[in-house]
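Let's take a walk through a protein together, one piece at a time. Have a look at the picture first, and then read on.

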Amino acid sequence: MQRRHVVQYGAAGVGAVALMLGVGWWRVDGPGAPKPAGQRPLPLSAMDFRLTDHEGNEVGPETLIGRPTMVFFGFTYCPDVCPTTLSDISGWLEDLGDDAARMNVVFITVDPERDTVEAMAEYVGYFHPAIRGWTGPANQVARAAEGFRASYERVPTEGGDYTMNHTASVFLFDAKGELVTMIDYHEPREFAVPKIRRALTEDVEGAT
Amino acid sequence: MTKRSYINGLPLVLLLSGMSTPAFAGSEDVVVENAWSRASIGVNRPGAAYMTVRNTGEDAVTLTGLTTPLAVMPEIHESKTNADGVSSMAPADEITIEPGQSVALEPGGLHAMLMKLQEPMTEGENFPLTLTFSDGGKVTVEVPILGIAARGPES
Ligand SMILES: [Cu+2]
């Protein structure tokens, strides 16, 4: 009983700290604060990182140029937001039908310590077959996130494990590697799929 | 098809289990609907379960915690996504449900976080999850385990 109380206070403490940090951040940069122009992801051609895909191939931003691209960050130990995003994306790809095969769809881990190539391979295997999983050394993951202007942060949990806070938006690029738009977390499918079609269309326009 | 009919049968099961507990002010009128969870890969990753908790009574009820034989540390968590698109997750505060109201535990928001799994969550199986309330009452729900890519109780 005593033990139970200690554990619960521990949880409350972590929650309170997380809340305070969240509130502090919210006030400084929260809703209403204009997004600085510097926060837009770079064009893929201006990024520089080396990762490995879930089949062991060496990949980088140049791998993505030439086809429209959808990229998002996450980690396979994420119980809620990441599987939800992956299944949302799988649903969008199903809606796109044959057009899905014309796109790169990449899930980049922010937790390379646990997300080995093998872990990524097993995990992405449960979702739409177009989805590729990329991982690599921590410094290369950091460079990738910097290019996409994505952020992530390791947060200890009470059981001695850790979770990751991370950018959950989906980035859409055209075939030339220019950012088309972003899909926010949990955006309804009726908004998401037209955005993806736009990235596919700009591919056609760029080619003519 | 068998799975579908089983899920439809759940609310009745819940109602019965709720009625079998001694009379508590409030939590005896709690009904849990549409519970579901995703299968896990092994036991190292935490799981999550979702459901709607409805208060059909005339007193407010406060959900204070969870227990399950499936996980050593089940906890109600809340995921939040801030204006910059960054998602985070933290233990939720106690959840009070007013009479006639319900609270949804759903992807990207409140969820039953199942930390330190005792065994893998296998698609097609169920596990019992007990919700504890501030009046001392408990409601146990059988949570069906769907596929890893499931999007909701129907998929
Ligand atoms: Cu959680």
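Which residue of chain A forms a salt bridge with Lys116(B)? The partner is Asp161(A), and the closest N and O atoms are 3.7 Å apart. A salt bridge here is a side-chain nitrogen of Lys or Arg within 4 Å of a carboxyl oxygen of Asp or Glu.

Before going further, note that this is a predicted model, in which local features need pLDDT of at least 70, side-chain atom pairs count only at pLDDT 80 or more, and totals for chains, interfaces and linings use all residues. Residues are numbered from 1 along each chain as its sequence is written, chains are lettered from A and ligands numbered from 1 in the order in which they are written, and side-chain values use heavy atoms, leaving out hydrogens and water.

Now for the meeting of the two chains. On the chain B side, 34 residues are in contact (heavy atoms within 4.5 Å) with 41 residues of chain A. Between them, about 2900 Å² is buried, 57% of it from carbon and sulfur atoms; buried area is the accessible area (1.4 Å probe) that two parts lose on being put together, summed over both. The count of salt bridges between the chains is 1. Strands E2, E4, E5 and E8 of chain B each supply at least two residues of the side that touches chain A, and E5(B) gives the largest share, 6 residues. Helices (H or I, at least four residues) and strands (E, at least two) are DSSP runs, numbered from the N terminus.

E5(B) also meets a strand of chain A: 2 bridges join E7(A) to E5(B), and the two run antiparallel. Two strands pair if DSSP finds at least two bridges between them. Here His166(A) has Ser87(B) as its bridge partner. Within chain A, E7(A) is joined to E6(A) by 5 bridges, again antiparallel, with Glu153(A) opposite Asn165(A). The hairpin of these strands has 5 residues between them, and in it Gly160(A) takes a positive phi near 90°.

Chain A holds an open sheet too, with 7 strands in the order E2-E1-E5-E4-E3-E8-E9 and mixed pairing. Its edge strands, E2(A) and E9(A), each pair on one side only. Inside the sheet, 4 bridges join E4(A) to E5(A), which run parallel, and Phe107(A) has Gly133(A) as its bridge partner.
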